[in-house]
Amino acid sequence: MADNTTGPPLSSFFLVGIPGLEEFHHWLSIPVFLLYSLSLMGNCLIILIIRLESSLHQPMYFFLCMLALNDLALSSSPAPKMLSIFWLDDHDTGFDTCLVQMYFIHTFSITESGLLVVMAFDRYVAICQPLHYTTILTNKMVGLMGLVASLRAAIMVFPCIVLIKRLTFCTKNIIHHTYCEHMAMVKLACSNVIINRIYGICVALSVAVLDTGLITMSYVRILQAVFRLSSNKAQSKALGTCAAHLCAILTFYVPSLFSLLTHRIGTKVSPSIHIIFASIYLLVPPAVNPLVYGAKTKLIRDWVIFTLFSNKETVSKQ
């Protein structure tokens, strides 16, 4: 039997796209393009509004600005290559390019989770300790929390690069995915990958368990504080400030947890379904978050309405 562990190292990978649905790639490119375009326009608009409107220079909106910046990076990591595959049949990607894409995708995904945690803390302080809100969440503290969320992600994902670099890749170079994903690359190695698998599982579970646990704790305390309020109007107003954040949580965690579980234990789930959900959790939250926050946040909504109507009045006068 021929020894598959010898031969020159791989210089590139072949990204299949969505296996089994290759003939529909051109049609699948439409929602991908729309979601990516919506993400670019929506998040840039959110950043611009917060930058220009001085009344939005508050911790809640600074965190939202961080989320918008991260969403731009998160959606831009896989979308261009996905569209290149769907439109141009450009399936090849260099080994190092694939590693860089993998690093950015996982780093920005974990950063997204971390930012949702600090935004939950922001809502907890605003509702449970309103008198101390400005003293707890100073500009310095807000910046530090955002920096910690980013550094945590960068540090946690970096060993994946080192561990993949030590692997031997032989003849297999076909990745059945729309982008370079950690476990999809690890599965192609012809050397021992047990350390890679263990580390990947530990990172995924630690982020999922820790972050969802902290968010749950925050909202348990928030609900306890809300139900102690005397009037229904006050309760509705307090919960209303959390609506956009709750939508962002559900939009991000539901498809990402589904993708995580099916990748680890869902052996009967079709590969195409798994890859579709793995793509959804990278593209949908960045596209939906600006819409949700724009619709649910009164100051942002009022700014957009005022700008649109003031422009119309100016044009009509001219």
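**Working chat: a helical model**

Colleague: Where is D89 found?
Modeller: D89 sits in the loop between α3 (79–88) and β2 (92–94). Helices (H or I, at least four residues) and strands (E, at least two) are DSSP runs, numbered from the N terminus.

Colleague: What is the phi of D89?
Modeller: Positive, about 55°, although D89 is not a glycine. Most residues other than glycine have a negative phi.

Colleague: What kind of model is this, and how are residues numbered?
Modeller: It is a predicted model: local features need pLDDT of at least 70, side-chain atom pairs count only at pLDDT 80 or more, and totals for chains, interfaces and linings use all residues. Residues are numbered from 1 along each chain as its sequence is written, and side-chain values use heavy atoms, with hydrogens and water left out.

Colleague: How many helices and strands does the chain have?
Modeller: There are 11 helices and three strands. From the N terminus the order is β-α-α-α-β-α-α-α-β-α-α-α-α-α. The C-alpha trace spans about 75 × 50 × 35 Å along its principal axes.

Colleague: What share of the chain is buried?
Modeller: 47% of the 318 residues count as buried. Buried is under 20% relative accessible area, exposed is over 50%, and partly exposed is in between (1.4 Å probe, protein chains only).

Colleague: What about α1: what are its end C-alpha atoms apart by?
Modeller: By 40 Å, which agrees with the 40 Å that 28 residues (25–52) should span at 1.5 Å a residue. The expected span is 1.5 Å times one less than the number of residues. Its buried residues include H25, Y36, N43 and I50.

Colleague: And how far does α2 reach?
Modeller: Its 18 residues reach 26 Å from first C-alpha to last, close to the 26 Å expected. α2 is mostly covered, with 13 of its 18 residues buried.

Colleague: Switching to the core. Which residues have the most contacts inside the largest one?
Modeller: A nonpolar core is a set of buried Ala, Val, Leu, Ile, Met, Phe, Trp, Tyr and Cys residues joined through side-chain atoms within 4.5 Å. The largest has 49 residues, and L64 and I215 have the most contacts inside it. Two or more residues come from each of α1, α2, α4, α6 (139–165), α8, α9, α10 (271–296) and α11. α4 gives the most, with 10 residues.

Colleague: Pockets next. What volume does the largest have?
Modeller: Terms first. On a 1 Å grid over the protein atoms alone, a cavity is a set of points where a 1.4 Å probe fits but cannot get out, a pocket is an open set with protein on both sides within 12 Å along at least five of seven lines, and lining residues have an atom within 4 Å of a point. Points are joined across faces, edges and corners, and a volume is the space filled by probe spheres set on them. The largest pocket has about 540 Å³. Of its 21 lining residues, M60, R123, K237, A238 and T241 are the closest to the centre.

Colleague: Which element gives the most to that lining?
Modeller: α9, with five residues. The lining of the largest pocket divides into 12 nonpolar, four polar and five charged residues. Here Ala, Val, Leu, Ile, Met, Phe, Trp, Tyr, Cys and Pro are nonpolar, Asp, Glu, Lys and Arg are charged, and the others, Gly among them, are polar.

Colleague: Last topic: how many aromatic pairs?
Modeller: Rings of Phe, Tyr and Trp (its six-membered ring) pair if their centres lie within 6.5 Å; planes under 30 degrees apart are stacked, over 60 edge-to-face, and the rest tilted. The whole structure has nine pairs. Y103 and F104 have ring centres 6.1 Å apart and planes at 55°, so that pair is tilted. F121 and Y124 form a tilted pair, 6.2 Å centre to centre with 35° between the planes.

Colleague: Where do F121 and Y124 lie?
Modeller: Both are in α4, three residues apart, about one turn of the helix. F121 is partly exposed at 31% relative accessibility, whereas Y124 is buried at 14%.

Colleague: Which residues form an aromatic cluster?
Modeller: F13, F95 and F169 form one.
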